[in-house]
Amino acid sequence: MIARRLTEILRKDYGVSETSIEELQAEPNATPAELLIKKQVVSEHQLLEAYSKLYDIPYVPRLPVEEFNMEFARKVSIQFLKKFTIIPLECQNPLTGLGLDTHTDENPSEQSTTVIAINDPTVFQPVDDLVRILELENYQLVLTSRDAILSLINMAYDSSRDTAQQLVADMEENGADIISEIEETADLLDDTSDAPIIKLVNHIISQSVKMGASDIHIEPYQNSFKIRYRIDGVLYDFLSPPKWMQSALISRIKVMSKMNIAEKRLPQDGRFEVKIGDQSIDVRVSSLPITHGERIVLRLLNKSGSLLRLTDLGLSQEKLDQVNRMIRFSHGIILVTGPTGSGKSTTLYAVLSKINSPDINIITIEDPVEYQLKGVGQIQVNPKIELTFARGLRSIVRQDPDVILIGEMRDLETAEIGVQSALTGHLVFSTLHTNDSAGAITRLVDIGVEPFLISSSVIAVIAQRLVRVLCNDCKIPYNPDEATLKEMGLDPEQAGDLVLYRAGSCPNCFNSGYKGRVGIYEIMELNSSLQNLILKTHDSHQIKNEALRMGMTTLYEDGIQKVLRGVTTIEEVLRVTQT
């Protein structure tokens, strides 16, 4: 039941209606927080503010991690802290900036402050248990978000683990003999295996997730082997263990991914799932035999990450309006092009999320299915049972779909079925691997699609790349020289005192100068002029020139706009557009 005083605060301060409260009261077996947030009656921020007023407990949206000692957390099991979303922290100085002060003696500066961060003050028994376990006399409760507490818990336990270098230094040469399998979906932070090689692999994976890596590369050389992370599209060296550890480490990963550890002469593919704190990670593993051993690449997919919306992708307002208009068409093909890892799938998922509604039937065929979309039928390609894109598509069109997503148009049969679907009243989305939007037309003709079918079915081609975003904490302003301005297509005389930014270096971005990525886009919408040109030629240069004449903005030009806004650097735009 939701407390009457809480409902009064919600009505008075946040405009929650009486009807909404009454509907929630009927829900059994759920806490007020679960009811209010899951039903989107209020945000977590608003609920915590209301709790703060009701219980007179300070609400701290962001706890300054650097002020705290997390030793307390390690005295309690991680399972207890996560179950009740609670964490004890110790600060050597009073947190006056947060309005917290529990000191009662005459010299408070010498007394440490114990802070217990909670998310739900209605569940008070765990706080009493924690106080008893830690034998606390004075403490201060604070309210903060669930994600903030879980992040602190993970940080406390992860930092208490051995570093990768320590694990390597402590390992003995019989590491290969102590490989043992753990349950794939176990939480790596909870795993207490003593085998050094297991601890090392767990640490490599958990650190990669913490650093936001998309891939882990394990590369053997003649006298050494190297572990590298791909972060924001760029590879960084992480660890170089001794050569003798190579066999044990690779065997451990092959065991986890259910590969044949005895077969070292052929390429293999596998996968496994792990949990790291509150995050569920799908890991796809590929092995390739090379001269000095097996090369392993692990592709990490964080299934706990929320889907991006169209407005989060980096589209300018003009391009966003253009995309929103195109995706409302009743039939036709919209292609998204770019190299591997350029964010094509993320864009398509954002589009499907935008148009997804109960009155339309959306079916996808993908390899692999990266995110689960509620209300969307998703098919996983499986070559082992001959479930290919083409075969799956033939079945999809008999399922009365309104919208079809084809993971990739790889061959003529898949492309032809996609074109026929578009011509018979379906809206089709798909991807191609081409360098720019005009190249998609050439690619379709190259795999055998007739030009007249392309001109009558394709609505638009969206080419995209991902550029790294400058870290706000360390980016450095500068005035560009005349050569740089000319390279950007700007008149030095009109530029005046233009300020651009270059990458700096700080711990917050792992000294890379960048944090996160954003898309740059080139949208070629096929009008009558382009359709007529495609019937005459499929030369990508002629098609691109005509699109530019009709007002298309290139990838490079879109990137320069983000440089001018201080989002990224000119070097980064040049790196991904190769202009």
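Predicted model: local features only at pLDDT ≥ 70, side-chain atom pairs only at ≥ 80, totals over all residues.
Two residues are in contact when they have heavy atoms within 4.5 Å.

Leu235 sits in strand 6, which covers residues 234–239. Setting aside neighbours within four places in sequence, Leu235 touches His217, Arg228, Tyr229 and Arg230. Take His217: it is 18 residues from Leu235 along the chain, and the two C-alpha atoms are 8.7 Å apart in space. Leu235 itself is partly exposed, because its relative accessibility is 24%, and that class lies between under 20% for buried and over 50% for exposed.

One of those contacts, Arg228, leads us on to the charged side chains. Arg228 belongs to a salt-bridge network along with Glu219 and Arg295. The structure as a whole has 21 salt bridges, so let's look at a few.

Asp282 pairs with Arg271, and their closest N and O atoms are 2.8 Å apart. This pair ties together distant parts of the chain, eleven residues apart: Asp282 is in strand 8 (residues 279–290), while Arg271 is in strand 7 (residues 268–276). Asp282 is buried, at 5% relative accessibility, whereas Arg271 is partly exposed at 44%.

Glu263 and Arg265 make another salt bridge, with 3.2 Å between the closest N and O atoms. Here Glu263 is buried, with a relative accessible area of 14%, but Arg265 is exposed at 67%.

Finally, there's Arg391 with Glu386, where the closest N and O atoms are 3.7 Å apart. Arg391 is partly exposed at 42%, and Glu386 counts as exposed at 54%.

Definitions and conventions. Residues numbered from 1 in each chain as written. Heavy atoms only, no water. Helix = DSSP H or I, 4+ residues; strand = E, 2+ residues; numbered from the N terminus. Buried < 20%, exposed > 50% of the residue type's maximum accessible area, 1.4 Å probe, protein only. Salt bridge = Lys/Arg side-chain N within 4 Å of Asp/Glu carboxyl O.
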